[in-house]
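Subject: Structure for your files, with notes

Hello,

The structure is pasted below for you to keep. My notes on it follow, with the cut-offs for the terms I use.

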Amino acid sequence: PNTAFIFDLDGVIVDTAKFHFLAWRKLANDLGFDFTEEQNEQLKGVSRVESLKKILQWGNMELSEDEFTRQMALKNENYLSYVEEMDDSEILPGVPEILDYLIKNNIPFALGSASKNARTILKKINLFEKFDAIIDGTDVSKAKPDPEVFLIAADKLNARPDNCIVFEDSVAGVQAANKGNMTSIGIGDKTVLGEADHVFKDFTEIEIEFIEKLLRKEK
Ligand code: BG6
Ligand code: MG
């Protein structure tokens, strides 16, 4: 049986989490309220629709269906204006090294992202061709913390879920990996991602020995 690796995109491969935050915050500010970076943790990994619902709750606001759709489009436009400026210098430290290691050792890996912009971003940073499978917000019907996106990825890579190792920067994503019976590796703050099986500040903290230990646990 195959061991496979699954990477979230935003905040794991590339630091687009900061652009999502800026764009959502602008939307809230334009509607007349604000939210904190702490609240923003709850938006990470969450789909566009669910994110806007949460934000409107924080601002005690309701929008008509049309206005809701319009605000989502405005947010995405604003977000994409940041994405447009991106290149491969935005790939997070340690990521190229781990991907190269997996390629050298013939270990399949997929992208498992909630974003509908995932393919655009992967192309911008020149990683589109490297993934054996790409599952994103256009491929799923259930948002993280539902494990659907990761289960589809496992299936595409011909790996059993319990042989999959998922890298996530969001609480919702860690929960999705856990629900899918996968090994969850949190990338970020231990106090936020405590539900993950392992947490690292970033990829530069992950030693190859650790990856090899995970691979030996192959079931
Ligand atoms: C996730 C991000 O990867 O994708 C969320 O962590 C974002 O912040 C979600 O809302 C949906 O992304 P998009 O690009 O389809 O709006
Ligand atoms: Mg993320």
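The axes themselves are lines fitted to C-alpha atoms, for helices over the stretch in contact, and the angles run from 0 to 180 degrees between N-to-C directions. Helices (H or I, at least four residues) and strands (E, at least two) are DSSP runs numbered from the N terminus.

This is a predicted model, in which local features need pLDDT of at least 70 and side-chain atom pairs count only at pLDDT 80 or more, while totals for chains, interfaces and linings use all residues. Residues are numbered from 1 along each chain as its sequence is written, and chains are lettered from A and ligands numbered from 1 in the order in which they are written.

Helix pair α1 and α4

Helix α1 (residues 17-31) packs on helix α4 (residues 65-83) at about 140 degrees, and the two axes are 9 Å apart. The pair is therefore oblique. On the α1 side the contact (C-beta atoms, placed from the backbone, within 7 Å) involves Phe19, His20, Leu22, Ala23, Trp24, Lys26 and Leu27. On the α4 side are Gln71, Leu74, Lys75, Asn78, Tyr79, Tyr82 and Val83. By type, these residues are nine nonpolar, three polar and two charged. Here Ala, Val, Leu, Ile, Met, Phe, Trp, Tyr, Cys and Pro count as nonpolar, Asp, Glu, Lys and Arg as charged, and the others, Gly among them, as polar.

Ligand 1

Ligand 1 is surrounded by 19 residues, and the closest are Asp10, Arg48, Ala114, Ser115 and Lys116. A residue is near the ligand if its C-beta atom, placed from the backbone, lies within 6 Å of it. Helices α1 and α3 (48-58) each supply at least two residues of this shell. The shell divides into five nonpolar, ten polar and four charged residues.

Buried and exposed residues

A residue is buried if 20 or more other C-beta atoms lie within 10 Å of its own, exposed if 12 or fewer, and partly exposed in between, with C-beta atoms placed from the backbone.

Ile121 lies in helix α6 (residues 118-124). Ile121 is buried because it has 24 C-beta neighbours inside 10 Å. Leaving out residues up to four places away in sequence, Ile121 touches Leu9, Val14, Thr16 and Val83.

In helix α8 (residues 171-179) the buried residues are Val171, Ala172, Gly173, Val174, Ala176 and Ala177. Their cover includes α7 (148-156), β4 (164-168) and β5 (183-187).

Glu195 sits in the loop between β5 and β6 (198-200). With 13 other C-beta atoms within 10 Å, Glu195 is partly exposed.

Backbone points to check by eye

Lys144 and Pro145 are joined by a cis peptide bond, with omega about 15 degrees. Pro145 is in the loop between β3 (133-135) and α7.

Asn106, in the loop between α5 (95-104) and β2 (109-112), has a positive phi near 55 degrees. Asn126, in the loop between α6 and β3, has a positive phi of about 60 degrees. Asn106 is exposed, with 7 other C-beta atoms within 10 Å, and Asn126 is exposed with 11. Just after α8, Asn181 takes a positive phi of about 70 degrees.

Regards

How values were computed: Angles under 35 degrees count as roughly parallel, over 145 as roughly antiparallel, 65 to 115 as roughly perpendicular and the rest as oblique. Two residues are in contact if their C-beta atoms, placed from the backbone, lie within 7 Å.
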